[in-house]
Amino acid sequence: MSVLKFNKVTKIYGKKKVLDELTFSIGENKITGLIGRNGAGKTTMLQIAAGFIRESSGEVRVFGESPFNNLSVSANMVMVDNDMNLPASLSLDELLDSAASFYPNWDMKLARNLMSYFRLDLKQHHTGLSKGMKNTFHAILGLASRCPLTIFDEPTNGMDAGVRKDFYRALLKDYLANPRTIIISSHHLNEVEDLLEDILVLKDGRQLLHMTVEDMREYAVIVSGRDDMLNDWLSGHELFHRNSTDFGKSYALIRNNLSEGQITSAMNKGLKFSTISNEDLCLYLTSQEKGGIDDVFTKN
Ligand SMILES: Nc1ncnc2c1ncn2[C@@H]1O[C@H](COP(=O)(O)OP(=O)(O)OP(=O)(O)O)[C@@H](O)[C@H]1O
């Protein structure tokens with residue numbers, strides 16, 4: 001069953017199309033990583049899924065219903081982000097109590113144990129927390145609410161390395177004991193990859209890829225060798241990125257849909273194949289500039 005479905009969803013701010021006929025579907029009880037460069041539309045998409053803002057056109061369904069202004073959807077989903085709008089007058093303890101009264105699956109024991117582990121003072125107020133502590137508190141709200149749809153938008157911003165690691169470990173442990181649909185947006189695929197089943201990559205408000213982590217590892221391959229050999233061999237292949245190094249050698253990132261014969265012919269020409277990490281693949285696929293940051297220094 002699909003928990004979250006976007007069908008040709010477009011969001012326009014002023015004259016800017018931030019989401020452009022975005023279409024995807026996320027099934028029950030899996031963890032999906034949402035990856036994209038700055039400004040790709042990740043937060044906008046998550047805010048629409050959470051019912052905080054409305055799409056300009058297209059159809060959004062969460063548990064089969066439109067999420068905008070929908071109380072039954074709100075009670076079954078939580079969105080954790082850096083700017084959670086929590087009442088300044090309440091202590092952390094009171095905030096946990098109000099979350100407990102709103103979320104049907106709330107686990108107060110888990111919340112209090114995590115508060116104690118991360119040394120958050122229950123009497124303190126949200127406004128007095130550092131950036132990392134604030135986001136740790138938000139992450140606790142997200143975990144303890146045990147919502148069937150749990151969204152984390154860049155949850156580890158400001159957290160130190162130890163807290164980040166502990167948070168992801170707690171997330172995985174709690175997910176295994178209480179499976180639910182989780183979406184995590186992050187700029188650091190390496191950091192979350194071990195948790196994920198699926199990866200959804202956005203570029204310019206559109207879906208670029210949506211597949212399992214395993215399939216993504218097989219999706220592309222690097223071919224390297226002498227410029228002239230590579231040039232001859234590359235025609236007809238789906239090329240994602242090309243670069244030349246010194247001494248007449250180059251490499252190319254191509255779609256990995258090669259036949260045995262194509263691999264043999266490449267190897268006979270002295271070309272070599274190597275794998276690419278999912279993080280690097282995402283960087284190449286979502287980059288805007290062909291030559292990368294180096295172009296900035298060579299442009300007239
Ligand atoms: N309320 C708004 N009004 C106008 N433009 C907006 C608004 N919210 C977002 N945008 C624009 O929409 C685009 C996508 O922003 P969004 O925050 O969704 O991207 P993102 O992928 O989450 O980026 P980042 O990784 O930097 O957080 C950006 O160009 C941003 O300036």
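A residue is taken as buried if 20 or more other C-beta atoms lie within 10 Å of its own C-beta atom. By that criterion, 33% of the 300 residues of the chain count as buried. The model is predicted. The chain holds twelve helices and 13 strands. Its C-alpha trace spans about 70 × 45 × 40 Å along the principal axes. Contacts between residues at least 6 apart in sequence were also sorted by separation. Of these, 68% join residues at least 24 apart.

An open sheet of three strands has the order β2-β1-β4, with antiparallel pairing. Strands β2 (16-27) and β4 (57-62) each have a single partner strand, so they stand at the edges, and one side of each is left without a neighbour in the sheet. On average, neighbouring strands of this sheet are turned by 15 degrees against each other, direction ignored. Strand β1, residues 2-13, pairs with β2 over eight bridges in the antiparallel sense. In this pairing, lysine 5 has serine 25 of β2 as its bridge partner.

A second open sheet has six strands. Their order is β5-β6-β7-β3-β8-β9, and the pairing is mixed. The edges are formed by β5 (77-80) and β9, each of which pairs on one side only. Neighbouring strands here are turned by 15 degrees against each other on average, again with direction ignored. Helix α11, residues 278-286, packs on this sheet. The helix touches β3 (31-35), β8 and β9, and its direction makes about 20 degrees with that of β8.

Strand β8 covers residues 198-203 and strand β9 covers residues 206-212; six bridges join the two in the antiparallel sense. Aspartate 198 has threonine 212 of β9 as its bridge partner. Leucine 200 is likewise bridged to histidine 210 in β9. The two strands form a hairpin with two residues between them. In the turn, aspartate 204 has a positive phi of about 50 degrees.

Further antiparallel pairings involve strand β12. Strand β10 (residues 220-226) is joined to β12 (residues 249-255) by seven bridges, and the two run antiparallel. Isoleucine 222 has leucine 253 of β12 as its bridge partner. Strand β11, residues 239-244, also pairs with β12 in the antiparallel sense, over five bridges. Here leucine 239 stands opposite isoleucine 254 of β12.

Among the helices, α3 (residues 92-102) has Leu92, Leu95 and Leu96 as its buried residues. These residues cover an arc of only 100 degrees around the axis, so they lie on the same side of α3. Ser98 and Ser101 are exposed on the other side of α3. The buried residues of α3 pack against two helices, α4 (108-117) and α5 (131-144).

The ligand is surrounded by Tyr13, Val18, Gly36, Asn38, Gly39, Ala40, Gly41, Lys42, Thr43 and Thr44. Helix α1, residues 42-49, supplies the largest share of this shell, with three residues. By class, the shell residues divide into three nonpolar, six polar and one charged.

Tyrosine 117 is found in helix α4.

Key. Residues numbered from 1 in each chain as written. Predicted model: local features only at pLDDT ≥ 70, side-chain atom pairs only at ≥ 80, totals over all residues. Pairing = 2+ DSSP bridges. Helix = DSSP H or I, 4+ residues; strand = E, 2+ residues; numbered from the N terminus. Axes fitted to C-alpha atoms, helices over the stretch in contact; angles between N-to-C directions. Buried ≥ 20, exposed ≤ 12 C-beta atoms within 10 Å, placed from the backbone. Arc of directions from axis to C-beta. Contact = placed C-beta atoms within 7 Å. Near = placed C-beta within 6 Å. Nonpolar A, V, L, I, M, F, W, Y, C, P; charged D, E, K, R; others polar.
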